[in-house]
Amino acid sequence: MDLPCVQWQDHVAQKWVGIDPDVKEHFTSLLEIDDIFKCSLSMITPDDLDFVDSISVGSSVQKDAEKAARCREGGNSSFRSRDYTSAALHYTQGACFAPVGSEQLSLCYANRSAALYHLQHYQDSLDDISKAMKSGYPPHLLHKLKERRTQCLKHLSVSQKAKEDGHKAASKNHGPEEQGSLQCGICPEAVMSFDPEKGRHLVATERIGAGEVILTDRPYSCVLIPGMEGVRGTAGGQDTEGGVFGTEQRRCHRCLCETLSAVPCDWCSYSRYCSTSCQQEAWEEHHHWECPVGADLMVMGVMSQLALRVALKAGLRNVQRARDPIREELTKSQPSSLNSKSPHSYSCHSTSNSDSYLRVFHLLHHLNRHSPCLRFLYAVTIATVFLKLSKVGPPPSSWDFSGPSREKNQSNQEGGITDWGSELWLLGSAALRHIVQLGCNAQAIIMLQNIGTRNSAVQSSREIRIATAIFPTLSLLNHSCSPNTSLVFESRDVLCGSDPSADISEHTAEDRSKPCRVTVTVRAAKVIPPGQEILHCYGPDSRRMATKDRQRLLLEQYFFLCRCETCSLQQQQDEEEEEKQEKGTASSLLCGKCKGSLRKFSESKGKGFMCSQSCCGHRMSSSEVSRSLQSIRADLEKVVDLLQTEQPDKALKILRTKCRSGLILAETHPLQGELDDATARAYAAIGDWNNAASYLQRSAAAVGSQYGEDSIELGYQLFKLVQLHFNGGSRTPALSLIPKVRHLLCLHRGPRCQELQELQAMEDCLRG
């Protein structure tokens, strides 16, 4: 959970300890959100507001020309090292710090246009040239921009002709492309149902085939998570100045798509967007009011910001409509209303804002199951944010009670509308409701991040959490530790049906003016028969965590004891399950002397592992095994760092000599799979394709054993194996693997994913 910073948590904890016992008892007895918010609002003191100011100083989002200049110098250093991606990100950071109309802003745009030109992002380079000129670029340097603009236009003209020729050839060789725009909604074979025990949930009414799309949804609101590692700038194997760029530097703060040419907010140095459309929509929807309190929101945590953002977007009318108890009863009594008109009876257009908000508002919040201390933290945090917001200007237009007289009121009151305290407590109450809901209804947005080196011939990636969101329809899915669905998150225009694999630099000016959307697509991971509930996993599934640990985590965060089919079956085999999941089992650890399997033992002297071969009898204590595994993991981390900084020879030396620690891992041990994968990457980096393929094949076997033969994890490993065979000229092994890889990628990622396009290109080349 993305709670406020530790300093604020400690401050609120001390406040809780210090309040009068009668007041504490009264607060604890409150069970209605409205009452809790009003009570907490009355407790906020000037000292609380001053404390927020003191801890948010380090998170300042003010414009700063000096910081802009330093970022530009960092970009220049990367540019000289020909690390143009890092340079572009440095220049973007400089543009975000630079005040509007300043010379620093024009210089950052101009320099970024040069980096983008070298990256062959010619349209983005042209856009930056235009921005630099409009921002007062020094006249004596204009000739550089004009020359670059001429070169960009030439390249764009050539690439446009090549693209047209390519489209003609593709239409002859491969037939028409997949048609139809992607709309948000639930497929015709599923329906929303309701019962008191499960609440609202989705059930298949007809057979749903494996790989078929069940639903596509857009978040009602989302917040990018700051500080998550995005990319490491490298130049000649060394980190550039600035080192690691986080997701907040690389992604649009509204649609979350990656961009090297972000459009900064005009007023703060933090928020940035992939286009002026995203910038304008974010401004109108929430950022207009978040911007002045940006530093405060940073220390208050992602959950607080997301809760506020949901309430700001909803507006007064939608909140009042959702609070109507009659409408709530109607919502429960008509469970299949989502599908009553058509397969996609509700749209993702802004006109559906009220319907989407109804589904968000009525998500369970489990208020009475939160501890009084946590309720107090939530309530005081939201009340403080509410008061901070009320001091920076008039209320949001969507929350303005004055109607047509709003402009008149504003003009007569220099400080803005002063009736924040009248009925606008509903805004704070709604935000409090949502932060309590988010604890068990928030969805992490996961994207694939490339972790390979810039010139790597083999793709290496990992999943990273880039944002927290709340989805109106996805939230209907209940949990299973062995879900029958898989989720894919993308940033694209789902209503226009644009190609998600297309490079943003190839879009026309008209395309680039349209805001993107982050969407989730839920596919059936296996055949779902009629009557079966559609489920997905809320956290670690049965392949990643033991039953008892999963149940404990689900109970702590989601307030239910999981009794899904997988847990029920595994509870009957507790001992076997415990051995399978623990990384020290008979099937995954081998004796260092005779390579026989180790089995666990427990005696009065302690617990440990014993060789299963009677002629050997070698023993290791549990602490010895734990230390050995920790040592292997530490060496593996060093290897990964060396591979990311293009030092494969040093990585191979560690892998050959140090990753053993007196313990032998079975081929199917997850850690052995990671070691084999790293070894394959190292051999691939030096062009030894045969050895690389051999080790990756072993890694794929371990992945298949851990995650299953129909898992997306195995699909990614086999995709890399195809790349290795392709680069090594091993035609037959590559072609034999492609059908299985295609099946797994289609099953989990859909027929339009980028990996499938690359797979098709390799197959076309191999077949001549």
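**Ground rules.** I am looking at a predicted model, where local features need pLDDT of at least 70, side-chain atom pairs count only at pLDDT 80 or more, and totals for chains, interfaces and linings use all residues. Residues are numbered from 1 along each chain as its sequence is written, and side-chain values use heavy atoms, with hydrogens and water left out.

**Entry 1: the cores.** I began with the nonpolar cores, meaning sets of buried Ala, Val, Leu, Ile, Met, Phe, Trp, Tyr and Cys residues joined through side-chain atoms within 4.5 Å. Buried stands for under 20% relative accessible area, exposed for over 50%, and partly exposed for anything in between (1.4 Å probe, protein chains only). The largest core has 63 residues, and Trp-8, Phe-27, Tyr-357, Phe-376, Leu-432 and Ile-435 touch the most other members. Several helices supply at least two residues each, among them helix 1 (6-18), helix 13 (302-323), helix 16 (372-390) and helix 18 (425-441). Helices here are DSSP runs of H or I with at least four residues, strands are E runs of at least two, and both are numbered from the N terminus. Which helix gives the most to this core? Helix 13 does, with 12 residues.

I then looked up Leu-432 and its contacts (heavy atoms within 4.5 Å). Beyond its neighbours within four places in sequence, Leu-432 touches Ile-33, Ile-36, Phe-37, Tyr-378, Ala-379 and Ile-382. There is also a second, separate core of 51 residues, which includes Cys-611, Val-639, Leu-675 and Val-703. A general note for myself: in soluble globular proteins, nonpolar side chains tend to be buried together.

**Entry 2: strand 5.** I checked both faces of strand 5 (residues 221-224) and found them covered. Ser-221 and Val-223 lie on one side, Cys-222 and Leu-224 on the other, and all four are buried. Strand 5 runs antiparallel to strand 11 (residues 461-470), joined by 4 bridges; pairing takes at least two bridges found by DSSP. Leu-224 has Ala-467 of strand 11 as its bridge partner.

**Entry 3: the rings.** How many aromatic pairs does the structure hold? I have 14 in my notes. Rings of Phe, Tyr and Trp (its six-membered ring) pair if their centres lie within 6.5 Å; planes under 30 degrees apart are stacked, over 60 edge-to-face, and the rest tilted. Trp-16 and Phe-376 make a tilted pair, 4.9 Å centre to centre with 45° between the planes. This pair links helix 1 to helix 16, across 360 residues. Trp-16 is buried at 10% relative accessibility, and Phe-376 is buried at 0%.

Tyr-683 and Tyr-695 are stacked because their centres are 5.8 Å apart and their planes at 20°. Tyr-683 is buried at 10%, whereas Tyr-695 is partly exposed at 21%.

Back at Trp-16, I noted one aromatic cluster of Trp-16, Phe-27 and Phe-376. Lys-24 lies over the face of Trp-16, 5.0 Å from the ring centre. For a charge to sit over a ring, NZ of Lys or CZ of Arg must be within 6 Å of the ring centre and within 35 degrees of the ring normal. Lys-313 does likewise over Tyr-220, at 4.4 Å from its centre.

**Entry 4: Leu-745.** Past its neighbours within four places in sequence, its contacts include Ile-712, Tyr-716, Phe-719 and Leu-756.
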